[in-house]
Amino acid sequence: MPAEKFDDIYRDLKSKVEDETYPAGTMLPSEAQLTKIYRCSRNTVRRALAMLAERGYTQSIHGKGVQVIYEPVTRATFTVGNIESFAESARRNGIPVKTAILKFTTITIDEKAAARTGFPVGSECFYIQRLRRLDGTPVILDINVFLKSEMPALSEEIAEGSIYKYLEEDLKMQITTSNRQITAEKATPADSRYLELHDLDFVAVVTGRTYNSKGIQFEWTQSRHRPDYFVFYDTARRKPV
């Protein structure tokens, strides 16, 4: 079964839940109905529904079906549990976005950088600093390190848009796993300057290492967020005792 089929169904259902075609508290069409809508097997539908449940959009109710439990929030949210690009998050929140490249260069990883990023000493990497604006407001200072051997043609033009879109659509890379850490840190002079923090003296920091389907770490990222603008949303599930 092609992976893209159930993934396409998942993305379409996810979009319909987020735009409230299927609002919170309602039931999704039955598996039988979904197989007709998407012209696929029941197993394909089940895999798509499993992805929705894993990401906190739905829950199965015995004897009834699949209920929508996702509720839109009034502030822009960036999900911690999913691997989602800035452009995808902004699109989901329906907010105009703009990215400014502050720095784009090539570096060689030394011992200090290796300890911080997880890349081997001697690795050639792209080092990128980007300022993200939502609806005109500077909200994220992104520091990205990308392994050059996995994307040798990466450019500033690509970085101004969506690097993940380039990796997945042009290079056909499968992005699989991201390990992340969230901290609150004292704002640096760069944070205060670029994020226009004014009287705020700290930022929310999300640091992560991301891997592709070959098991290669291709990215280290530190996203420094204005604390007054974002809600980080995740879904937790309690395992049966």
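First, the ground rules. The model is predicted: local features need pLDDT of at least 70, side-chain atom pairs count only at pLDDT 80 or more, and totals for chains, interfaces and linings use all residues. Residues are numbered from 1 along each chain as its sequence is written, and side-chain values use heavy atoms, with hydrogens and water left out.

Overall numbers. The chain has eight helices and 10 strands. Those are DSSP runs, numbered from the N terminus: helices are H or I with at least four residues, strands are E with at least two. Of the 241 residues, 42% are buried. Buried means under 20% relative accessible area, with a 1.4 Å probe and protein chains only. Now contacts, meaning heavy atoms within 4.5 Å. Take those with a separation of 6 or more: 61% are between residues 24 or more positions apart.

Next, the sheet. Six strands form an open sheet, in the order S4-S5-S6-S9-S8-S7. The pairing is antiparallel. Two strands pair if DSSP finds at least two bridges between them. The edge strands are S4 (97-108) and S7 (175-186), each pairing on one side only. Look at S8 (residues 202-212) and S9 (residues 217-225): they pair over eight bridges. For Ala204, the bridge partner in S9 is His225.

Now helix H7, residues 163-170. Which residues of H7 are buried? Ile163, Tyr164, Tyr166 and Leu167. Seen down the helix axis, the buried residues of H7 fall within an arc of 165°, so they line one face. The arc is that of the directions from the helix axis to the C-beta atoms. What do they pack against? Strands S5 (124-134) and S6 (137-147), helix H6 (156-160), and S7, S8 and S9. Just after H7, Lys172 takes a positive phi of about 60°.

Last, the cores. A nonpolar core is a set of buried Ala, Val, Leu, Ile, Met, Phe, Trp, Tyr and Cys residues joined through side-chain atoms within 4.5 Å. The largest has 19 residues. Leu13, Val17, Leu28, Leu49 and Leu52 have the most contacts inside it. Helices H1 (3-18), H2 (31-38) and H3 (42-54) and strand S2 (65-68) each supply at least two of its residues. Leave out residues up to four places away in sequence, and Leu13 touches Tyr22, Leu34, Tyr38, Leu49 and Leu52. A second, separate core has 15 residues, including Ile101, Phe126, Ile128 and Phe218.

Conventions
Buried < 20%, exposed > 50% of the residue type's maximum accessible area, 1.4 Å probe, protein only.
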